[in-house]
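Open the structure in your viewer and keep the selection panel at hand. This tour goes stop by stop.

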Amino acid sequence: MKLYKNLVDSELLAEIRTAFDRIKDEIGFDNRHYIDYHDQYLMATFKSIIDNPEFSDIVCEGEHNDQALLMERAIFSVDGAWGTLTEINSPEKQQPWIADVVKKIHQTMSPLGNIINHPIDLMFVRVHLPSDLHVDKLFEPAEHDEGYTIIMPLTFSPSIKTVSWSQEFASRRAVEEWKHATVRGNPTKTTTGVPPGIDLRHCVIGDKFLPDYLEHVQHSDWEEGAVIVFERQRIHCSSNFRNHLPFKDYVLIHSQDGRYAD
Ligand SMILES: [Fe+2]
């Protein structure tokens with residue numbers, strides 16, 4: 001995991017922030033993910049959060065009473081060579097001011113070098129719950145989702161960290177299988193530990209704190225103007241920010257060979 005400090009100047013950051021709010025207000029974030037309370041496995045993952053009275057407000061944020069809103073976002077496909085929008089899945093997204101800010105974000109990323117010279121998916125994301133351990137890959141192994149995750153924070157708080165480990169997985173399914181094996185088996189803990197002050201309560205399943213079984217932990221703070229970069233196949237999660245903030249916003253880029261579809 002690499003942190004590029006002071007990559008985004010405050011003027012551009014303010015412009016991106018304005019575009020973020022405008023996309024959300026005028027066009028809407030059309031891609032939403034929920035935690036379904038009937039999904040026993042997911043609920044086990046998030047039980048420690050949802051059972052905590054601090055988080056009781058999330059329960060009714062879903063479209064249905066038995067869902068909690070995890071994430072909402074607007075996704076744009078971008079030509080990695082030119083920073084131009086290549087695919088718009090709704091006419092409302094065909095706005096010159098969006099194309100303009102997307103191009104500026106892409107240009108700002110030029111110090112990252114070759115890793116954005118591929119088709120990229122650029123997303124404006126609001127996350128309402130911390131993400132547990134996962135990889136930014138499709139559920140099944142796919143040849144076109146090799147690449148990098150690039151995070152440009154738009155919400156700043158010491159409670160927000162991105163945490164990663166050295167283990168890599170070819171698919172989301174492989175991570176889920178690792179979790180099952182770790183929860184049900186009797187694996188040996190690694191000596192890595194998690195640095196103090198990073199709240200990862202949402203990474204508990206049953207009696208297992210899953211980061212205890214991963215190696216070489218790294219973390220990045222969410223700093224103004226900074227950009228966080230890591231390989232999509234690397235296992236990672238966010239810190240639990242919910243006892244400080246109701247949600248966090250960021251620009252997320254997935255570089256790739258092909259189209260990201262979840
Ligand atoms: Fe991720």
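At what angle do the axes of helix H1 and helix H3 cross? Select residues 10-27 for H1 and residues 96-108 for H3. Their axes cross at roughly 140 degrees and come within 10 Å. Angles over 145 degrees would count as roughly antiparallel. H1 is therefore oblique to H3. The crossing is left-handed. Keep in mind that this is a predicted model.

**Stop 1: the contact of H1 with H3**

Show side chains on H1 first. Pick Leu-12, Glu-15, Ile-16, Ala-19 and Ile-23. Eight are nonpolar, one is polar and two are charged.

**Stop 2: the sheet**

Next, select strands S10, S7 and S12. The three form an open sheet, in the order S10-S7-S12. Pairing is antiparallel. Strand S10 covers 218-221 and strand S12 covers 234-238. Why is one side of S10 and of S12 left without a neighbour in the sheet? Both strands stand at the edges, each with a single partner strand, so that side has no neighbour.

**Stop 3: the bridges of S7**

Centre on S7, residues 161-168. How many bridges join S7 to S10? There are four, and the two strands run antiparallel. For one of these pairings, select Lys-161 and its bridge partner in S10, Asp-221.

Now look towards S12. Four bridges join S7 to S12, and these strands also run antiparallel. Select Thr-162 here; its bridge partner in S12 is Ser-238.

**Stop 4: confidence**

Finally, colour the chain by pLDDT. The average is 86, and 84% of the residues score at least 70. Where does pLDDT stay under 50? Select residues 55-62 for one such stretch. The model has 15 contacts beyond four places in sequence for residues 55-62. Then select residues 258-262, where pLDDT also stays under 50. For residues 258-262 the model has six contacts beyond four places in sequence.

How values were computed
Residues are numbered from 1 along each chain as its sequence is written. This is a predicted model: local features need pLDDT of at least 70, side-chain atom pairs count only at pLDDT 80 or more; totals for chains, interfaces and linings use all residues. Two strands pair if DSSP finds at least two bridges between them. Axes are lines fitted to C-alpha atoms, for helices over the stretch in contact, and angles run from 0 to 180 degrees between N-to-C directions. Angles under 35 degrees count as roughly parallel, over 145 as roughly antiparallel, 65 to 115 as roughly perpendicular and the rest as oblique. A crossing is left-handed if the near helix is turned anticlockwise from the far one by less than a right angle, and right-handed if clockwise. Two residues are in contact if their C-beta atoms, placed from the backbone, lie within 7 Å. Ala, Val, Leu, Ile, Met, Phe, Trp, Tyr, Cys and Pro count as nonpolar, Asp, Glu, Lys and Arg as charged, and the others, Gly among them, as polar. pLDDT is the predictor's confidence in each residue, from 0 to 100.
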